[in-house]
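Have the structure open as you read along.

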Amino acid sequence: MATWFPIAVIIGFAAFVVGAMVSANRILGPRRPSPVKGQAFECGNPPSGSAWARFSVRFYLIAILFLVFDVEVVLLYPWAVAIRRFGTVGLVDAGIFVAVLMVALIYAVRRGALDPD
Amino acid sequence: MVNGVVVEFPALKLMLLLPALGVVFNLFLGRRAGRAIVNVVSVAAVVGAFLLALWALGELLALPAGSALKATLWSWIYVGPLQIDLGLRFDALAAVMTLVVSGVGSIIHLYSCGYMGEDPDYARFFAYMNLFTLSMLVLVLGNNLLFMFIGWEGVGLCSYLLIAFWYDNAQFAYNGRKAFVVNRIGDAGFLLGIFALAAAFASRGLWTLDFAAMREHISLVSSAVATMAGLLFFLGATGKSAQIPLYVWLPDAMVGPTPVSALIHAATMVTAGVYMVARLGFLYQLTPATMEVVAAVGAITAFFAATVALAQSDIKRVLAYSTISQIGYMFLGAGAGAFGAAIFHIVTHAFFKALLFLGAGSVMHALGGEQDMSRMGGLRRKLPVTHATMLVATLAITAVPGFSGFFSKDEILEAAYVSGHYWLWGLGVITAGLTGLYMFRLFFLTFYGRSRVEAARLPRLHESPAVMTIPLVILALLSLGGGWIGLPAGMLWGDRIGEFLRPVVGQVKSVPGLEALALSAVASAAALSGLVLAFVFYVAAPGLPERAAAWSGALYRALREKYYVDELYDFLVTRPLFFLSDVAFDRVIDSYAIEGLVDGAAAAARGGAAAIRRVETGNVQHYALTYLCGALAVLAYCLYYSMRHG
Amino acid sequence: MISGTIGAALDASWRPVLAPAVVAITAMAVMLVGSRLGEEDSEGLGWLTFSGLALAALCAFAAVGRHAPAFAGALIVDDYTAFFYCLIAVCAAMVVLLSLDYVPALELPSTEYYALLLSATVGMMLLAAAGDLIIIFLGLETMSISVYVMAAIARRDPRSSEAGLKYFLLGAFSTGFLLYGIALLYGATGSIKLEAISRALQSSALAASPLVLLGLAMMLIGFGFKVAAVPFHAWTPDAYEGAPTPVTALMAVGVKSAAFAGFLRLLLVYLPALHAQWGGALWVLAALTMSVGNLVALAQNNVKRMLAYSAIAHAGYILVGMTAAGGAAGAAVLYYLLGYAFANLGAFAVLVAVERVEQPGTTLADLGGLAKGQPMLAAAMALFMLSLMGLPPLAGFVGKFYVFSAALQAGYVWLVVLAALNSVISTYYYARVIVAMYVNEGAERKLRARRPGLSVALAVAIAATIIIGVDPRPYVEMAAGAYASAAGIARSGVRAAFLAH
Amino acid sequence: MTPVSYYLVLGAALFAIGVAGVVIRRNLIVIFMSIEVMLNAVNLTLVALGRALGSTDGQVMVFFVMTVGAAEAAVGLALILAAFRSRHTIKADELNLMRW
């Protein structure tokens, strides 16, 4: 236990220093906000445009599709673990599940969600 | 109780079917069929119902006293062991009402053919009128409370639609709202009364809402429940029959077409409350206290409405208040135990009040829709038939001996006196005097004196066509002779209608002949003095009313403004309800209160435009916060529960 | 050999889910066909959807007459399930009829629209058949997620996307509560099967445990959102107003029926042991829901928004029935839902017919003079309003009568008095619609040419509203039978409590 | 071994944080993330309870919650995107076309 004590002291001291510096800044520093100070820092240039840069919606679409299909596959893991216990019926059931996912995939492809630009 | 028999009589169904067919035809084919065919179909439907009613009456009279005819449409609702059939029952009480509804209804339908002669929307009008007749027949023929309630709601709906027929929007927005709110309060009373009565019977193992069965087993109901149920039903009756405190809608209803006022707001629907009380007479007789309430409300309403009628200048409004007053008489009779007399007064009142309205309609028709009596006068030569028939009606409502109103009103007042309600009897007698005064005021202002008709309208003044005057004449004959079916007991053929109704509504005590004569004499004297006073005021010395009004000052103003009751109700009931809806729930709770919670009291206090801008809702987070508050409340409840019971 | 096994498996386990399976397969078919066809043939897709739903309604009868758990208790198959399968399929089919000319008129993406409609229907059916907590959750979410998107599907109308987003945010929020309730209930009783939970709660010690209470409360909150009970109702008006009208109809009728199906089964059938706990909370919810719904509805000028508050108020009446609990109440609620569904579908059908393409959303002023220009439409709308108002002898009145009598029999006198007063208030705003149509003047309006589908939907709604009310006996028997089957009590048991013999 | 109640308390705290986030934060994306926090709080609770009870039902449930959560995320982000496109804002309090 004793060996841990210095470390605790150091952690405590570090926390104190950080806390003191942050709060000293708050207490001592003058705060006169102005629009210029509020601007985003762009290496001295006036910032132009919104911080909300426009990405192509395609990125978003593919990300969403990935997310959904990825997570659906989660449901196959428990089945895979117990595959022998479920036998044929389980195989059929899993086949149906995958078939349903396939329908979604076909739909996505036909709608052009996966087309490269 | 007299032992009658109950006989199956399927033609009763036909009585409902005819107006129903009329509704369907007028609603869907009416416009294509053209005016003539619509007129024939709608009148024929009601006349057919009337003929069927006569046939049924013949059958009924052939059976021993206390019998009834019945027919079952189908079984409707089952709750527990409770089975409710849509069944019809034609006993003496229903017979009288059916004849009045279909008989007077036929005459008014006929009159409407002339009155609505120029209206482009005639098919819709007659569809509503037939629907009304149908509902009214259901109301009086229904053999159980729930079926009666169907009719009750149906007549209310038709009344609403027909009042609205000629409204312009702004007026409707206000008056329609009032009529509706007031009537629904009454309906809630009726419905709760049904629940109370059904529950009371059910708790004693009897599952029924059938009138005959309830009547037979009424002793199962404790007097406390009977009082409560009786008062609830009476609340319903005050709504439909325009009694204190729910009378305010009736005068406003007068903007509807005049035949509507005659049929619905004079002859039939507004008397439904009296019919209901008479039908449930067995319930009311259990509890003297309820009877006292009925009698007192009736007498006070009669007096109150008569005083208001004195100062109105709109001809239809005078008639509306007079209707309220006359129905007050009916409730006085019912409260005094004389249900038969109340029903008798319904009959005679249907005759003379329908006539008065139709006569007023004829005057308005001649004057291009003028309703203000200060712009009438001297019309007796231009409108001879209207004048003569109106005179009969006015004499009848004033209860001049020999006219129909005399016999029925006399019976009511006698019953009030005999049952020991001396104060109410006194009030009734005074009201009889007031009745003479305000009715002859109306009559003289309209037909006598200097003509105050606008010059532009004079050349076109004409008597109404025959299709309108013939109904007037028929009704005048009925107003003249209709009372003779209920002569005082022992005179000539005696009280025929009373005897006919007795097995259903029960017997009342009567007084020895001489005393009865004295009572009649007092009432008649009061009525006649009202008549004479009106003559002095409005014919002999026309300057007098002005001076009297000036002299009485505030009282006159109060009368003219109907004691400011409308304003009071608006302030007390209608506005708070809408304020609650509009402001409290919608704006404040949904936004303001939550806004305050979110941003603290400071934001709320900022006031002014900023506050209004900030009091925006539709903010999804406010919704989430409402949700959270609800969730916390439910959790708190569960915590509380587990602490109490855990 | 293999085919035999599969055949047996099909017979044993597929029969109960035949109806939702048919709907799901139709959904996939719509996705495949629709993505191939493009947008021109939206009506063909509509009829494909319709026939799938009609087939599903027929398949619902495959579940009648048995009371058996299926898929190891995940689903329960009985008359109750069949009743709701059928009701939901019919509602969805009616919504398709409303959509047939609405979807092309608003240029909604028809493939997605119909596919989502079908997947929402699958969710509703699963919710009605749910036998364990997982299926409750899955059914609810399948339904909800589909409806979120449907509400927002009119991309050109900013109100539509706002409606969808609001509905989604609050819906997901409430899902959190429901799920937490599920977790707690599972933790307390050690099972996710409703049957087992019900058995475990027979012991009074467990029934009083705070974990159970908290779980119950959270589930009340979650379901309270779905049935739009006050104070969990705030999303309703916005979502109803902004969504395309047929979607609003689906929300008001399908979502609500399904949510009540699950809620009713959970509370009345499986948690009657906790009635002392949830009865009080439900009492307050019912009272609040009726009163707020009706009062706020008074001030609405937008008809869809008014119908939203009306739907809240009706949820209140149904909650009155649920508060009463017991066989009579269960049957009454089922009957009520039946009458409510058709009157509402009809009302929305009229709105669809009246709505203008360029400016969706109908105010009372827009209905002005409808009686002159379109007497049939106006008469139909009046009929639906009268039924919702509870005017005898229409379905709405009989339903209220049953629900209120059940509550009275259970001794909830004051709640019934409040309900009666509320139905008095409600007449006012329904009457305003009638007045607007019959009394007020309105500019002559050119309506879209009405396709036969919408007329059929209207005719069905009219007929159902009248027939179910005028001759309620067969439908009441159906409702009583369905509830009895779910509650596992002898059919005659509920009959005795409810029906005369 | 850590007692199950620790996990339950942690789950409850996370849930509360999520709820607070939904009510307080104005950015729609953050609101949505808060909802995800709520769901994951429940997941934690479910896993802990499942382990404590020795049944797999809890874990199975978590699988479903995750998949449904993913679907919800997809739909939610799409809806936020759609709203942003038509209104150019992702502030919750600026979505107020419909009210009263």
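## Where chains C and D meet

The contact draws on 31 residues from chain C and 32 residues from chain D. Keep in mind that this is a predicted model. On the side of chain C that touches chain D, the elements that give two or more residues are helix H6 (133–151), helix H7 (158–189) and helix H11 (235–242) of chain C. H7(C) gives the most to this side, with 17 residues.

What kinds of residues make up the side of chain C that touches chain D? They divide into nonpolar, polar and charged groups, as the table shows.

| Residue class on the side of chain C that touches chain D | Count |
|---|---|
| Nonpolar | 18 residues |
| Polar | 6 residues |

Now for the partner. Chain D has 3 helices and 0 strands, and its pattern along the sequence reads α-α-α. The radius of gyration of chain D is 17 Å, while the globule rule gives 13 Å for 100 residues; the value for chain D is well over that, so the chain is more spread out than a compact globule.

Along the principal axes, the C-alpha atoms of chain D fill a box of roughly 50 × 25 × 25 Å. How much of chain D counts as buried? Of its 100 residues, 39% do. As for contacts within chain D between residues at least 6 apart in sequence, 49% join residues at least 24 apart.

Definitions and conventions
Residues numbered from 1 in each chain as written. Chains lettered and ligands numbered in written order. Predicted model: local features only at pLDDT ≥ 70, side-chain atom pairs only at ≥ 80, totals over all residues. Contact = placed C-beta atoms within 7 Å. Helix = DSSP H or I, 4+ residues; strand = E, 2+ residues; numbered from the N terminus. Nonpolar A, V, L, I, M, F, W, Y, C, P; charged D, E, K, R; others polar. Rg over C-alpha atoms; globule rule 2.2 N^0.38 Å. Buried ≥ 20, exposed ≤ 12 C-beta atoms within 10 Å, placed from the backbone.
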